[in-house]
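Hi there,

Here is the structure I promised to pass on. Have a look at it first, and then read my notes below.

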Amino acid sequence: MIRMQKIMKILRNVILQNWKQVLLSGASLVLLVTVWWLYSALLHGDWPFEGRERVDFAEYVPYPWVVVQVFIDSFQHQDASGLYMGEHVVASLKRISTGFVLALAVAVPAGLLMGRSKAAHAVGSPIVELLRPIPPLAWVPIFLVVFKFFWGPILIVFLGIVFPILLNVRLGARSVDPVLIDAARTLGARRSQIFLKVVFPYTIPYLMTGIKVGLGIGWMCIVAAEMLGAVGGGVGYYIFLTAGSSLYTKMYAGIVTIGLLSVLTTGVAGLFERWINKWMGTR
Amino acid sequence: MKTCIRIDCLSKVFSDNGRTVNALDGFQLDVMDGEFVCLLGPSGCGKTTVLRIVAGLESKTSGDVAVYGRPVQSSGPERGMVFQEFALFPWRTVRRNIEFGLEVKGLPEEKRAKISRSLIELVGLKGFEDTHPKELSGGMKQRVGIARALANDPAVLLMDEPFGSLDAQTRNLMQRELLRIWQATKKTILFVTHSVDEAVFLADRIVVMTARPGKVREIIEVGVPRPRDRTSKEFISVRGKVLAELDEEFEKARAKEISPD
(Lines give C-alpha, C1' and ligand atoms only; values in the text may rest on other atoms or scores of the structure.)
Protein backbone atom coordinates (compact mmCIF):
# COMPACT_ATOMS: atom_id res chain seq x y z
CA MET A 1 0.00 0.00 0.00
CA ILE A 2 2.80 2.37 0.98
CA ARG A 3 4.63 1.32 -2.18
CA MET A 4 1.58 2.16 -4.26
CA GLN A 5 1.40 5.60 -2.65
CA LYS A 6 5.05 6.16 -3.40
CA ILE A 7 4.60 5.26 -7.07
CA MET A 8 1.58 7.57 -7.28
CA LYS A 9 3.64 10.34 -5.73
CA ILE A 10 6.48 9.89 -8.23
CA LEU A 11 3.96 9.78 -11.08
CA ARG A 12 2.30 12.95 -9.80
CA ASN A 13 5.65 14.70 -9.58
CA VAL A 14 6.58 13.65 -13.11
CA ILE A 15 3.27 14.99 -14.41
CA LEU A 16 3.55 18.22 -12.42
CA GLN A 17 7.13 18.85 -13.57
CA ASN A 18 6.35 18.15 -17.22
CA TRP A 19 2.77 19.39 -17.35
CA LYS A 20 3.39 21.27 -20.58
CA GLN A 21 4.62 18.14 -22.34
CA VAL A 22 1.82 16.05 -20.85
CA LEU A 23 -0.70 18.62 -22.06
CA LEU A 24 0.80 18.73 -25.56
CA SER A 25 0.91 14.92 -25.82
CA GLY A 26 -2.71 14.77 -24.69
CA ALA A 27 -3.65 17.38 -27.28
CA SER A 28 -1.87 15.43 -29.99
CA LEU A 29 -3.85 12.28 -29.13
CA VAL A 30 -7.11 14.28 -29.15
CA LEU A 31 -6.16 15.68 -32.56
CA LEU A 32 -5.52 12.18 -33.95
CA VAL A 33 -8.88 10.88 -32.73
CA THR A 34 -10.63 14.02 -33.99
CA VAL A 35 -9.23 13.59 -37.50
CA TRP A 36 -10.29 9.96 -37.43
CA TRP A 37 -13.80 10.90 -36.27
CA LEU A 38 -14.16 13.67 -38.88
CA TYR A 39 -13.05 11.37 -41.70
CA SER A 40 -15.48 8.74 -40.49
CA ALA A 41 -18.30 11.29 -40.31
CA LEU A 42 -17.44 12.47 -43.81
CA LEU A 43 -17.74 8.96 -45.19
CA HIS A 44 -20.94 8.21 -43.24
CA GLY A 45 -22.55 11.57 -44.13
CA ASP A 46 -23.17 12.32 -40.43
CA TRP A 47 -22.78 15.60 -38.51
CA PRO A 48 -20.97 17.90 -39.35
CA PHE A 49 -21.28 16.59 -42.89
CA GLU A 50 -25.03 15.85 -42.89
CA GLY A 51 -26.49 16.18 -46.32
CA ARG A 52 -23.61 14.32 -47.88
CA GLU A 53 -24.40 10.88 -49.15
CA ARG A 54 -23.04 7.89 -47.24
CA VAL A 55 -20.13 6.45 -49.18
CA ASP A 56 -20.42 2.70 -49.84
CA PHE A 57 -17.05 1.91 -48.25
CA ALA A 58 -17.93 3.83 -45.08
CA GLU A 59 -17.91 0.60 -43.06
CA TYR A 60 -14.15 0.46 -43.60
CA VAL A 61 -13.75 3.45 -41.31
CA PRO A 62 -15.92 2.98 -38.21
CA TYR A 63 -16.19 5.64 -35.51
CA PRO A 64 -13.52 5.69 -32.78
CA TRP A 65 -16.00 5.02 -29.96
CA VAL A 66 -17.39 2.00 -31.80
CA VAL A 67 -13.86 0.62 -32.06
CA VAL A 68 -13.28 1.25 -28.34
CA GLN A 69 -16.49 -0.63 -27.53
CA VAL A 70 -15.50 -3.56 -29.73
CA PHE A 71 -11.97 -3.45 -28.26
CA ILE A 72 -13.34 -3.83 -24.71
CA ASP A 73 -15.82 -6.42 -25.90
CA SER A 74 -13.10 -8.51 -27.54
CA PHE A 75 -11.60 -9.22 -24.12
CA GLN A 76 -14.95 -10.48 -22.85
CA HIS A 77 -16.20 -12.55 -25.77
CA GLN A 78 -14.56 -15.24 -27.87
CA ASP A 79 -13.99 -14.59 -31.55
CA ALA A 80 -14.57 -16.93 -34.49
CA SER A 81 -11.45 -18.93 -33.61
CA GLY A 82 -12.73 -19.38 -30.04
CA LEU A 83 -10.08 -17.14 -28.48
CA TYR A 84 -10.32 -14.05 -26.29
CA MET A 85 -8.26 -10.95 -27.15
CA GLY A 86 -6.28 -11.55 -23.96
CA GLU A 87 -5.11 -14.87 -25.37
CA HIS A 88 -4.11 -13.26 -28.65
CA VAL A 89 -2.15 -10.64 -26.74
CA VAL A 90 -0.32 -13.27 -24.71
CA ALA A 91 0.44 -15.31 -27.84
CA SER A 92 1.86 -12.28 -29.66
CA LEU A 93 3.84 -11.14 -26.61
CA LYS A 94 5.39 -14.60 -26.32
CA ARG A 95 6.23 -14.55 -30.01
CA ILE A 96 7.81 -11.09 -29.82
CA SER A 97 9.80 -11.99 -26.69
CA THR A 98 11.14 -15.21 -28.18
CA GLY A 99 12.06 -13.43 -31.41
CA PHE A 100 13.64 -10.66 -29.36
CA VAL A 101 15.79 -13.01 -27.27
CA LEU A 102 16.94 -14.82 -30.42
CA ALA A 103 17.70 -11.49 -32.07
CA LEU A 104 19.78 -10.37 -29.07
CA ALA A 105 21.70 -13.63 -29.04
CA VAL A 106 22.63 -13.19 -32.71
CA ALA A 107 22.90 -9.41 -33.08
CA VAL A 108 25.04 -8.55 -30.04
CA PRO A 109 28.00 -10.88 -30.72
CA ALA A 110 27.75 -10.33 -34.48
CA GLY A 111 27.57 -6.55 -34.10
CA LEU A 112 30.52 -6.47 -31.68
CA LEU A 113 32.65 -8.62 -33.96
CA MET A 114 31.76 -6.72 -37.11
CA GLY A 115 32.45 -3.43 -35.36
CA ARG A 116 35.90 -4.45 -34.12
CA SER A 117 37.30 -6.87 -36.67
CA LYS A 118 37.90 -6.05 -40.30
CA ALA A 119 37.66 -9.72 -41.26
CA ALA A 120 34.32 -10.15 -39.47
CA HIS A 121 33.11 -6.98 -41.13
CA ALA A 122 34.16 -8.26 -44.56
CA VAL A 123 32.38 -11.58 -43.98
CA GLY A 124 29.25 -10.20 -42.31
CA SER A 125 28.51 -7.06 -44.29
CA PRO A 126 27.38 -8.63 -47.58
CA ILE A 127 24.99 -10.92 -45.72
CA VAL A 128 23.59 -8.11 -43.60
CA GLU A 129 23.30 -5.60 -46.41
CA LEU A 130 21.59 -8.09 -48.74
CA LEU A 131 19.12 -9.49 -46.21
CA ARG A 132 18.32 -6.27 -44.35
CA PRO A 133 16.17 -4.53 -47.00
CA ILE A 134 14.01 -7.59 -47.71
CA PRO A 135 10.58 -7.02 -46.16
CA PRO A 136 9.84 -9.79 -43.63
CA LEU A 137 6.51 -10.27 -45.44
CA ALA A 138 8.43 -11.71 -48.40
CA TRP A 139 9.72 -14.56 -46.25
CA VAL A 140 6.31 -15.63 -44.94
CA PRO A 141 5.48 -18.39 -47.45
CA ILE A 142 8.91 -20.02 -47.26
CA PHE A 143 9.22 -19.68 -43.49
CA LEU A 144 5.82 -21.21 -42.81
CA VAL A 145 6.61 -24.17 -45.06
CA VAL A 146 10.10 -24.72 -43.71
CA PHE A 147 9.69 -23.76 -40.05
CA LYS A 148 5.93 -24.44 -39.63
CA PHE A 149 3.44 -22.45 -37.58
CA PHE A 150 5.36 -22.31 -34.32
CA TRP A 151 8.85 -21.22 -35.36
CA GLY A 152 7.88 -19.61 -38.69
CA PRO A 153 6.11 -16.57 -37.18
CA ILE A 154 8.79 -16.23 -34.49
CA LEU A 155 11.54 -16.13 -37.10
CA ILE A 156 9.68 -13.48 -39.14
CA VAL A 157 9.57 -11.29 -36.04
CA PHE A 158 13.21 -12.14 -35.36
CA LEU A 159 14.16 -10.82 -38.81
CA GLY A 160 12.45 -7.54 -38.04
CA ILE A 161 14.24 -7.07 -34.71
CA VAL A 162 17.71 -8.40 -35.47
CA PHE A 163 18.98 -5.79 -37.93
CA PRO A 164 18.36 -2.57 -35.97
CA ILE A 165 20.10 -4.14 -32.96
CA LEU A 166 23.00 -5.45 -35.02
CA LEU A 167 23.59 -2.14 -36.81
CA ASN A 168 23.45 -0.12 -33.60
CA VAL A 169 25.80 -2.46 -31.74
CA ARG A 170 28.20 -2.39 -34.70
CA LEU A 171 28.13 1.41 -34.69
CA GLY A 172 28.77 1.43 -30.93
CA ALA A 173 31.66 -1.03 -31.22
CA ARG A 174 33.18 1.13 -33.96
CA SER A 175 32.94 4.33 -31.97
CA VAL A 176 34.74 3.11 -28.85
CA ASP A 177 37.10 5.89 -27.78
CA PRO A 178 40.56 4.59 -28.79
CA VAL A 179 42.15 6.15 -25.72
CA LEU A 180 40.05 3.83 -23.54
CA ILE A 181 41.52 0.86 -25.36
CA ASP A 182 45.02 2.33 -24.95
CA ALA A 183 44.34 2.74 -21.24
CA ALA A 184 43.13 -0.85 -20.92
CA ARG A 185 46.21 -2.10 -22.76
CA THR A 186 48.65 -0.22 -20.54
CA LEU A 187 46.79 -1.64 -17.55
CA GLY A 188 47.59 -5.14 -18.79
CA ALA A 189 44.28 -6.17 -20.38
CA ARG A 190 44.40 -8.88 -23.03
CA ARG A 191 42.36 -8.71 -26.25
CA SER A 192 39.47 -10.75 -24.89
CA GLN A 193 39.41 -8.67 -21.72
CA ILE A 194 39.35 -5.43 -23.70
CA PHE A 195 36.40 -6.83 -25.64
CA LEU A 196 34.52 -7.83 -22.51
CA LYS A 197 35.39 -4.97 -20.18
CA VAL A 198 35.75 -2.00 -22.53
CA VAL A 199 34.10 -2.58 -25.92
CA PHE A 200 30.96 -4.31 -24.64
CA PRO A 201 30.08 -1.84 -21.85
CA TYR A 202 30.79 1.03 -24.24
CA THR A 203 28.18 -0.29 -26.70
CA ILE A 204 25.37 -0.75 -24.16
CA PRO A 205 23.72 2.66 -24.80
CA TYR A 206 23.81 1.90 -28.55
CA LEU A 207 22.34 -1.54 -27.83
CA MET A 208 19.45 0.08 -25.96
CA THR A 209 18.68 2.32 -28.96
CA GLY A 210 18.74 -0.76 -31.20
CA ILE A 211 16.39 -2.58 -28.84
CA LYS A 212 13.84 0.24 -28.87
CA VAL A 213 13.88 0.54 -32.66
CA GLY A 214 13.89 -3.25 -33.07
CA LEU A 215 10.87 -3.81 -30.81
CA GLY A 216 8.87 -1.29 -32.83
CA ILE A 217 9.76 -3.06 -36.07
CA GLY A 218 8.99 -6.40 -34.43
CA TRP A 219 5.40 -5.26 -33.87
CA MET A 220 5.28 -4.00 -37.45
CA CYS A 221 6.06 -7.56 -38.56
CA ILE A 222 3.53 -9.28 -36.35
CA VAL A 223 0.65 -9.14 -38.82
CA ALA A 224 2.84 -10.60 -41.57
CA ALA A 225 4.20 -13.19 -39.15
CA GLU A 226 0.81 -14.39 -38.01
CA MET A 227 -1.26 -13.78 -41.10
CA LEU A 228 -1.48 -17.32 -42.39
CA GLY A 229 -2.02 -18.66 -38.92
CA ALA A 230 0.09 -19.19 -35.86
CA VAL A 231 0.09 -21.65 -32.99
CA GLY A 232 -2.13 -20.26 -30.21
CA GLY A 233 -3.40 -17.30 -32.25
CA GLY A 234 -2.04 -13.76 -31.96
CA VAL A 235 -3.13 -10.19 -32.47
CA GLY A 236 -1.81 -10.20 -36.05
CA TYR A 237 -3.72 -13.38 -36.72
CA TYR A 238 -6.83 -11.74 -35.22
CA ILE A 239 -6.45 -8.73 -37.54
CA PHE A 240 -6.03 -10.91 -40.60
CA LEU A 241 -8.95 -13.16 -39.62
CA THR A 242 -11.38 -10.30 -38.93
CA ALA A 243 -10.33 -8.35 -42.05
CA GLY A 244 -10.91 -11.47 -44.12
CA SER A 245 -14.43 -11.78 -42.72
CA SER A 246 -15.16 -8.06 -43.30
CA LEU A 247 -15.41 -7.45 -39.53
CA TYR A 248 -13.74 -4.05 -39.76
CA THR A 249 -14.56 -2.74 -36.30
CA LYS A 250 -12.86 -5.85 -34.88
CA MET A 251 -9.93 -5.40 -37.23
CA TYR A 252 -9.47 -1.86 -35.89
CA ALA A 253 -9.68 -3.17 -32.32
CA GLY A 254 -6.77 -5.46 -33.24
CA ILE A 255 -4.84 -2.57 -34.75
CA VAL A 256 -5.35 -0.47 -31.62
CA THR A 257 -4.17 -3.43 -29.54
CA ILE A 258 -0.92 -3.67 -31.49
CA GLY A 259 -0.33 0.05 -31.08
CA LEU A 260 -0.84 -0.20 -27.34
CA LEU A 261 1.39 -3.29 -27.08
CA SER A 262 4.19 -1.53 -28.96
CA VAL A 263 3.91 1.51 -26.69
CA LEU A 264 4.03 -0.83 -23.70
CA THR A 265 7.14 -2.75 -24.80
CA THR A 266 9.08 0.33 -25.92
CA GLY A 267 8.06 2.00 -22.66
CA VAL A 268 9.45 -0.91 -20.66
CA ALA A 269 12.64 -0.81 -22.77
CA GLY A 270 12.87 2.94 -22.10
CA LEU A 271 12.55 2.44 -18.34
CA PHE A 272 15.18 -0.30 -18.48
CA GLU A 273 17.45 2.06 -20.43
CA ARG A 274 17.09 4.75 -17.78
CA TRP A 275 17.84 2.26 -15.04
CA ILE A 276 20.93 0.98 -16.89
CA ASN A 277 22.18 4.52 -17.51
CA LYS A 278 21.80 5.31 -13.84
CA TRP A 279 23.53 2.10 -12.85
CA MET A 280 26.38 2.75 -15.28
CA GLY A 281 26.60 6.38 -14.21
CA THR A 282 26.50 7.54 -17.81
CA ARG A 283 23.51 9.83 -17.36
CA MET B 1 72.57 4.30 -10.05
CA LYS B 2 70.63 1.80 -12.17
CA THR B 3 69.24 2.70 -15.60
CA CYS B 4 65.48 2.26 -15.74
CA ILE B 5 64.49 3.22 -19.27
CA ARG B 6 67.07 2.98 -22.04
CA ILE B 7 66.11 4.48 -25.39
CA ASP B 8 68.76 3.94 -28.02
CA CYS B 9 68.75 5.51 -31.48
CA LEU B 10 64.96 5.42 -31.70
CA SER B 11 63.38 6.30 -35.05
CA LYS B 12 59.81 6.36 -36.15
CA VAL B 13 58.39 6.88 -39.61
CA PHE B 14 54.65 7.23 -39.98
CA SER B 15 53.26 6.36 -43.38
CA ASP B 16 49.75 7.12 -44.45
CA ASN B 17 48.56 6.58 -48.02
CA GLY B 18 52.05 6.73 -49.43
CA ARG B 19 52.91 9.92 -47.55
CA THR B 20 55.64 9.40 -44.98
CA VAL B 21 56.47 11.54 -41.98
CA ASN B 22 59.71 11.23 -40.04
CA ALA B 23 58.47 11.68 -36.50
CA LEU B 24 61.61 10.61 -34.63
CA ASP B 25 65.16 10.30 -35.86
CA GLY B 26 67.80 8.85 -33.57
CA PHE B 27 66.23 9.79 -30.25
CA GLN B 28 68.54 8.85 -27.40
CA LEU B 29 67.82 8.90 -23.67
CA ASP B 30 68.62 7.02 -20.47
CA VAL B 31 66.31 7.53 -17.52
CA MET B 32 67.71 6.52 -14.14
CA ASP B 33 65.87 4.50 -11.53
CA GLY B 34 63.52 6.77 -9.57
CA GLU B 35 64.24 9.76 -11.74
CA PHE B 36 61.70 12.37 -12.87
CA VAL B 37 62.36 13.33 -16.50
CA CYS B 38 60.31 15.77 -18.56
CA LEU B 39 60.16 15.69 -22.37
CA LEU B 40 59.73 19.17 -23.74
CA GLY B 41 59.52 20.37 -27.31
CA PRO B 42 57.58 22.29 -29.94
CA SER B 43 54.26 20.71 -30.86
CA GLY B 44 54.56 17.87 -33.36
CA CYS B 45 58.15 17.09 -32.31
CA GLY B 46 57.23 13.52 -31.44
CA LYS B 47 57.41 13.68 -27.64
CA THR B 48 54.14 11.82 -27.28
CA THR B 49 55.36 9.27 -29.83
CA VAL B 50 58.41 8.54 -27.63
CA LEU B 51 56.08 7.97 -24.70
CA ARG B 52 53.71 5.76 -26.67
CA ILE B 53 56.58 3.62 -27.95
CA VAL B 54 57.89 3.15 -24.40
CA ALA B 55 54.33 2.26 -23.34
CA GLY B 56 54.16 -0.32 -26.14
CA LEU B 57 51.15 1.36 -27.74
CA GLU B 58 53.11 2.29 -30.86
CA SER B 59 55.67 0.28 -32.81
CA LYS B 60 59.12 1.68 -33.52
CA THR B 61 60.70 1.83 -36.96
CA SER B 62 64.22 1.24 -35.68
CA GLY B 63 66.29 1.52 -32.52
CA ASP B 64 66.03 -0.11 -29.13
CA VAL B 65 63.82 0.56 -26.14
CA ALA B 66 64.32 -1.38 -22.92
CA VAL B 67 63.01 -1.10 -19.38
CA TYR B 68 65.41 -2.62 -16.80
CA GLY B 69 67.21 -4.32 -19.67
CA ARG B 70 64.06 -5.99 -20.99
CA PRO B 71 63.20 -4.93 -24.55
CA VAL B 72 59.78 -3.35 -24.93
CA GLN B 73 57.62 -5.44 -27.26
CA SER B 74 54.07 -4.54 -26.34
CA SER B 75 52.15 -2.82 -23.59
CA GLY B 76 52.41 -4.23 -20.10
CA PRO B 77 51.33 -3.51 -16.55
CA GLU B 78 54.92 -2.71 -15.45
CA ARG B 79 54.64 0.52 -17.46
CA GLY B 80 51.67 2.56 -16.24
CA MET B 81 50.35 5.39 -18.35
CA VAL B 82 48.41 8.54 -17.50
CA PHE B 83 46.56 10.28 -20.33
CA GLN B 84 45.75 13.92 -21.00
CA GLU B 85 42.14 12.90 -21.74
CA PHE B 86 42.07 11.01 -18.41
CA ALA B 87 40.74 7.94 -20.30
CA LEU B 88 38.63 6.80 -17.36
CA PHE B 89 35.98 4.16 -17.94
CA PRO B 90 32.80 6.23 -17.56
CA TRP B 91 30.66 3.29 -16.45
CA ARG B 92 33.01 2.36 -13.61
CA THR B 93 33.08 4.07 -10.24
CA VAL B 94 36.33 5.60 -8.94
CA ARG B 95 37.15 2.43 -7.02
CA ARG B 96 36.40 0.11 -9.94
CA ASN B 97 38.42 2.31 -12.32
CA ILE B 98 41.41 2.03 -10.00
CA GLU B 99 40.93 -1.72 -9.69
CA PHE B 100 40.76 -2.34 -13.46
CA GLY B 101 44.37 -3.47 -13.79
CA LEU B 102 44.06 -5.72 -10.74
CA GLU B 103 40.84 -7.18 -12.09
CA VAL B 104 42.36 -8.18 -15.44
CA LYS B 105 45.29 -9.65 -13.53
CA GLY B 106 42.77 -11.86 -11.71
CA LEU B 107 43.46 -10.63 -8.18
CA PRO B 108 40.82 -11.69 -5.63
CA GLU B 109 38.33 -9.09 -4.47
CA GLU B 110 39.75 -8.51 -0.96
CA LYS B 111 43.24 -7.88 -2.30
CA ARG B 112 41.90 -5.47 -4.91
CA ALA B 113 39.90 -3.60 -2.29
CA LYS B 114 42.96 -3.34 -0.03
CA ILE B 115 45.15 -1.88 -2.78
CA SER B 116 42.49 0.51 -4.08
CA ARG B 117 41.76 1.71 -0.53
CA SER B 118 45.37 2.67 0.08
CA LEU B 119 45.66 4.34 -3.34
CA ILE B 120 42.44 6.30 -2.82
CA GLU B 121 44.02 7.51 0.41
CA LEU B 122 47.32 8.33 -1.34
CA VAL B 123 45.82 10.44 -4.12
CA GLY B 124 43.26 12.10 -1.86
CA LEU B 125 40.00 10.67 -3.17
CA LYS B 126 38.54 9.50 0.12
CA GLY B 127 34.76 9.75 0.13
CA PHE B 128 34.55 9.51 -3.68
CA GLU B 129 35.02 5.73 -3.97
CA ASP B 130 31.57 5.09 -5.40
CA THR B 131 31.36 8.18 -7.59
CA HIS B 132 31.32 7.95 -11.37
CA PRO B 133 33.93 9.96 -13.35
CA LYS B 134 31.28 12.22 -14.84
CA GLU B 135 30.62 13.72 -11.44
CA LEU B 136 34.29 14.58 -10.81
CA SER B 137 36.22 17.74 -11.67
CA GLY B 138 39.19 17.52 -14.05
CA GLY B 139 41.74 17.47 -11.24
CA MET B 140 39.85 14.72 -9.43
CA LYS B 141 39.59 12.71 -12.64
CA GLN B 142 43.35 12.82 -13.08
CA ARG B 143 43.84 11.71 -9.47
CA VAL B 144 41.84 8.62 -10.46
CA GLY B 145 44.01 8.28 -13.59
CA ILE B 146 47.18 8.35 -11.52
CA ALA B 147 45.84 5.96 -8.89
CA ARG B 148 44.67 3.56 -11.61
CA ALA B 149 48.13 3.55 -13.22
CA LEU B 150 49.76 3.01 -9.80
CA ALA B 151 47.48 0.10 -8.90
CA ASN B 152 49.59 -2.34 -10.91
CA ASP B 153 52.64 -1.14 -8.97
CA PRO B 154 54.50 -0.34 -12.22
CA ALA B 155 58.22 0.40 -12.32
CA VAL B 156 57.60 3.33 -14.64
CA LEU B 157 54.93 5.98 -14.82
CA LEU B 158 54.48 7.44 -18.31
CA MET B 159 52.54 10.69 -18.28
CA ASP B 160 51.28 12.29 -21.48
CA GLU B 161 50.51 15.95 -20.72
CA PRO B 162 48.41 14.76 -17.79
CA PHE B 163 47.55 18.25 -16.57
CA GLY B 164 47.20 19.80 -20.04
CA SER B 165 43.45 20.21 -19.85
CA LEU B 166 43.29 21.59 -16.30
CA ASP B 167 42.96 25.22 -15.31
CA ALA B 168 46.07 27.01 -13.99
CA GLN B 169 45.24 26.73 -10.27
CA THR B 170 44.30 23.06 -10.42
CA ARG B 171 47.38 22.43 -12.52
CA ASN B 172 49.71 23.89 -9.88
CA LEU B 173 47.99 21.91 -7.16
CA MET B 174 48.22 18.69 -9.17
CA GLN B 175 51.93 19.28 -9.81
CA ARG B 176 52.56 19.51 -6.06
CA GLU B 177 50.39 16.45 -5.52
CA LEU B 178 52.29 14.50 -8.16
CA LEU B 179 55.63 15.34 -6.52
CA ARG B 180 54.25 14.17 -3.16
CA ILE B 181 53.01 10.90 -4.75
CA TRP B 182 56.32 10.44 -6.59
CA GLN B 183 58.30 10.87 -3.38
CA ALA B 184 55.96 8.44 -1.58
CA THR B 185 56.09 5.74 -4.26
CA LYS B 186 59.64 6.27 -5.65
CA LYS B 187 58.52 5.58 -9.21
CA THR B 188 60.48 6.50 -12.31
CA ILE B 189 58.50 9.12 -14.20
CA LEU B 190 58.72 10.08 -17.87
CA PHE B 191 56.52 13.13 -18.29
CA VAL B 192 55.56 14.84 -21.55
CA THR B 193 54.62 18.51 -21.41
CA HIS B 194 54.74 21.64 -23.51
CA SER B 195 54.85 23.92 -20.48
CA VAL B 196 58.33 25.13 -19.55
CA ASP B 197 57.11 26.19 -16.14
CA GLU B 198 55.70 22.73 -15.45
CA ALA B 199 58.89 21.01 -16.57
CA VAL B 200 61.15 23.21 -14.40
CA PHE B 201 58.86 22.76 -11.39
CA LEU B 202 58.70 18.97 -11.67
CA ALA B 203 61.74 17.47 -13.33
CA ASP B 204 65.17 16.30 -12.23
CA ARG B 205 66.20 16.63 -15.86
CA ILE B 206 64.50 18.28 -18.81
CA VAL B 207 64.94 16.84 -22.29
CA VAL B 208 64.46 19.58 -24.88
CA MET B 209 63.61 18.01 -28.23
CA THR B 210 64.24 19.37 -31.70
CA ALA B 211 61.47 20.13 -34.16
CA ARG B 212 60.43 17.22 -36.39
CA PRO B 213 62.06 14.79 -36.90
CA GLY B 214 62.43 14.74 -33.13
CA LYS B 215 65.70 14.03 -31.41
CA VAL B 216 67.38 15.27 -28.24
CA ARG B 217 68.58 18.84 -28.56
CA GLU B 218 69.73 19.41 -25.02
CA ILE B 219 69.36 17.78 -21.63
CA ILE B 220 69.12 20.31 -18.83
CA GLU B 221 69.78 19.36 -15.22
CA VAL B 222 67.33 21.44 -13.15
CA GLY B 223 69.24 21.21 -9.86
CA VAL B 224 66.92 23.46 -7.88
CA PRO B 225 66.19 21.90 -4.47
CA ARG B 226 62.58 20.91 -3.77
CA PRO B 227 60.14 22.29 -2.76
CA ARG B 228 60.74 24.69 -5.62
CA ASP B 229 59.62 28.28 -5.54
CA ARG B 230 58.49 29.45 -8.96
CA THR B 231 59.52 33.02 -8.12
CA SER B 232 63.02 32.18 -6.85
CA LYS B 233 66.09 33.36 -8.73
CA GLU B 234 67.42 29.86 -9.49
CA PHE B 235 64.01 28.77 -10.80
CA ILE B 236 63.76 31.76 -13.10
CA SER B 237 67.29 31.30 -14.38
CA VAL B 238 66.70 27.62 -15.31
CA ARG B 239 63.39 28.63 -16.83
CA GLY B 240 65.16 31.21 -18.97
CA LYS B 241 67.71 28.70 -20.15
CA VAL B 242 65.07 26.15 -21.17
CA LEU B 243 62.98 28.82 -22.82
CA ALA B 244 65.91 30.03 -24.93
CA GLU B 245 66.57 26.49 -26.20
CA LEU B 246 62.91 25.95 -26.94
CA ASP B 247 62.46 29.30 -28.69
CA GLU B 248 65.18 28.47 -31.16
CA GLU B 249 63.52 25.14 -32.01
CA PHE B 250 60.16 26.86 -32.27
CA GLU B 251 61.59 29.34 -34.77
CA LYS B 252 63.08 26.48 -36.78
CA ALA B 253 59.75 24.66 -36.82
CA ARG B 254 58.03 27.83 -37.96
CA ALA B 255 60.56 28.50 -40.71
CA LYS B 256 60.01 24.95 -41.94
CA GLU B 257 56.27 25.46 -41.96
CA ILE B 258 56.60 28.56 -44.10
CA SER B 259 58.98 26.97 -46.61
CA PRO B 260 58.94 23.18 -46.28
CA ASP B 261 62.28 21.70 -47.43
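In what follows, two residues are in contact if their C-beta atoms, placed from the backbone, lie within 7 Å. This is a predicted model, so local features need pLDDT of at least 70 and side-chain atom pairs count only at pLDDT 80 or more, while totals for chains, interfaces and linings use all residues. Residues are numbered from 1 along each chain as its sequence is written, and chains are lettered from A and ligands numbered from 1 in the order in which they are written.

Let's start with the domains. Chain A is divided into domain 1 (1–60) and domain 2 (62–280), with bounds from an automatic or database domain assignment. Their centres, taken over C-alpha atoms, are 27 Å apart. Six residues of domain 1 of chain A are in contact with four of domain 2 of chain A.

Next, a helix worth a look (helices are DSSP runs of H or I, at least four residues, numbered from the N terminus).

Finally, the two chains: chain A brings 15 residues to the contact and chain B brings 23. On the chain A side, helix 7 (178–186) and helix 8 (191–220) each give two or more residues, and helix 7 of chain A has the largest share, six residues.

Best wishes
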